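Hi everyone, thanks for coming. I have one structure to share today, so let me put it up on the screen.

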Amino acid sequence: MNEIICPNCKKAFKVDEAGFADILKQVRDHQFEEELNNRLTLADKEKDSAVKLAEATIRNSLQAQLATKDNELTVLKATSDQELASKLAKKEVEISEMKSKIQNAAIAQKLNVSEAIKEIEKERDRLANDLKSNETEKLLLEKSLNEKFTDKLHLKEETIKMKDDEIARLKDFKQKLSTKMVGETLEQHCEAEFNKLRATGFQNAYFEKDNDSRGGNKGDFIYRETDEAGNEIISIMFEMKNENEETATKKRNEDFFAKLDKDRTEKKCEYGVLVSLLESESDFYNTGIVDVSYKFNKMYVVRPQFFIPIITLLRNAALNSMQYKAELNLMRNQNVDITNFEDKIEIFKTGFAKNYDLASRQFKTAIEEIDKTMTHLQKTKDALLASVNNLRLANSKAEGLTIKKLTHGNPTMKEKFDGLSNKTE
């Protein structure tokens, strides 16, 4: 609705789009016609003024010239007849020429007036054509606006009708269900919708009931999808909630956020999605996909008709970030390899240190034993050197031993050695 203020009484009143367009059309038509009439009237006045001004100018000029000639003629009559006749003839010729000039000037003036009239008529025709063109443009604009508002009105009516039909269908649907079957039927609906597209759009996806209640709670469904390399693309914990219109206690969507977030965390899912028909009159939740991550991280609330679209949206967003995830996993694997390499180096260093310590102690022991052996060898060497000295002395003594020395002072032995010497000879 548009608000219009009356310029006289200053009172505001509202009109719809059609009434506003009609008022606007009347004002524009009236203003345009009034402006055109004013311009045509002004052009006619200018034309009349120009014609009258030209006629008055010519008339005054001719009258002045005739008065001059009359004066000259009067003067000529006072002169002699011969001169008068000659001058009269001459003046008649001049008068004739002046009349011819006046006639030509009148004709030229008429031509100028005619041309001015033609220009004015052309301007009038142009204004008329502009008026016609503006009228046509205005009609086309009005038609376009009418069609546009009509289409919007039809679309709004169809949308309202579709919403009313959907609300009526849901109310009728829920009235036919028992309290126990409401939630299960919503789960079956979502599972059936997913299975319709499982073979074509979700070949590598896992979508099954959450049967793991080790943590004390469990969600309704878990969706997981990985790429060919086994890297997880996306994971979603789903919770389906509905209630019968006849149920005394009405639940709110917020009542299930904490449980859904707990289930999502325990089952290591990236996103949490509540598929809900609760608060069916809420405009906030009826808009479609509602992001409630301002309360719980990566959590959304959707109506059943947006069950597949929320999977598709989150999946597409995850696919766009898969390159970064792959690079992150590669970096993590590289970090693991580096860590393992560093661990092996540390193990090697520890073992080497132990072996070095053991070898060092054994080497020290060996050195000590060698030192001991060297001490024994030195003693043996000293003993051997002493023996060698004694042997040298003994050898010297042996070399200095002669028969003469042996038989000196021993006649018996001298006799025997002498006897041996004689036999030998």
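The largest cavity here has a volume of about 50 Å³, and please keep in mind that this is a predicted model. The structure holds one cavity of 30 Å³ or more.

What lines the largest cavity? The residues are Gln 65, Leu 66, Lys 69, Ile 95, Met 98, Lys 99 and Ile 102. Two elements each give two or more residues to that lining: helix 1, running 17-77, and helix 2, running 81-175. Helix 2 supplies the largest share, with four residues. If you sort the lining by class, you get four nonpolar residues, one polar and two charged.

Now let's move on to the rings. How many aromatic pairs does the structure hold? There are 11. Take Phe 207 and Phe 238: their ring centres are 6.1 Å apart and their planes sit at 75°, so this pair counts as edge-to-face. Phe 207 belongs to strand 3, residues 205-209, and Phe 238 to strand 5, residues 232-241, so the pair ties together parts that are 31 residues apart in sequence. Are these two buried or exposed? Both Phe 207 and Phe 238 are buried.

They also belong to a cluster linked by ring pairs, whose members are Phe 194, Phe 202, Phe 207, Phe 221, Tyr 223, Phe 238 and Phe 307. One of those members, Phe 221, has the charged end of Lys 209 over its ring, 5.4 Å from the centre. Elsewhere on the screen, have a look at Tyr 271: Lys 298 lies over its face, at 5.3 Å from the ring centre.

Thanks, and I'm happy to chat about any of this.

Key
Residues are numbered from 1 along each chain as its sequence is written. This is a predicted model: local features need pLDDT of at least 70, side-chain atom pairs count only at pLDDT 80 or more; totals for chains, interfaces and linings use all residues. Side-chain values use heavy atoms; hydrogens and water are left out. On a 1 Å grid over the protein atoms alone, a cavity is a set of points where a 1.4 Å probe fits but cannot get out, and a pocket is an open set with protein on both sides within 12 Å along at least five of seven lines; lining residues have an atom within 4 Å of a point. Grid points are joined across faces, edges and corners, and a volume is the space filled by probe spheres set on the points. Ala, Val, Leu, Ile, Met, Phe, Trp, Tyr, Cys and Pro count as nonpolar, Asp, Glu, Lys and Arg as charged, and the others, Gly among them, as polar. Rings of Phe, Tyr and Trp (its six-membered ring) pair if their centres lie within 6.5 Å; planes under 30 degrees apart count as stacked, over 60 as edge-to-face and the rest as tilted. Buried means under 20% relative accessible area, exposed over 50%, partly exposed in between (1.4 Å probe, protein chains only). A charge sits over a ring if NZ of Lys or CZ of Arg is within 6 Å of the ring centre and within 35 degrees of the ring normal.
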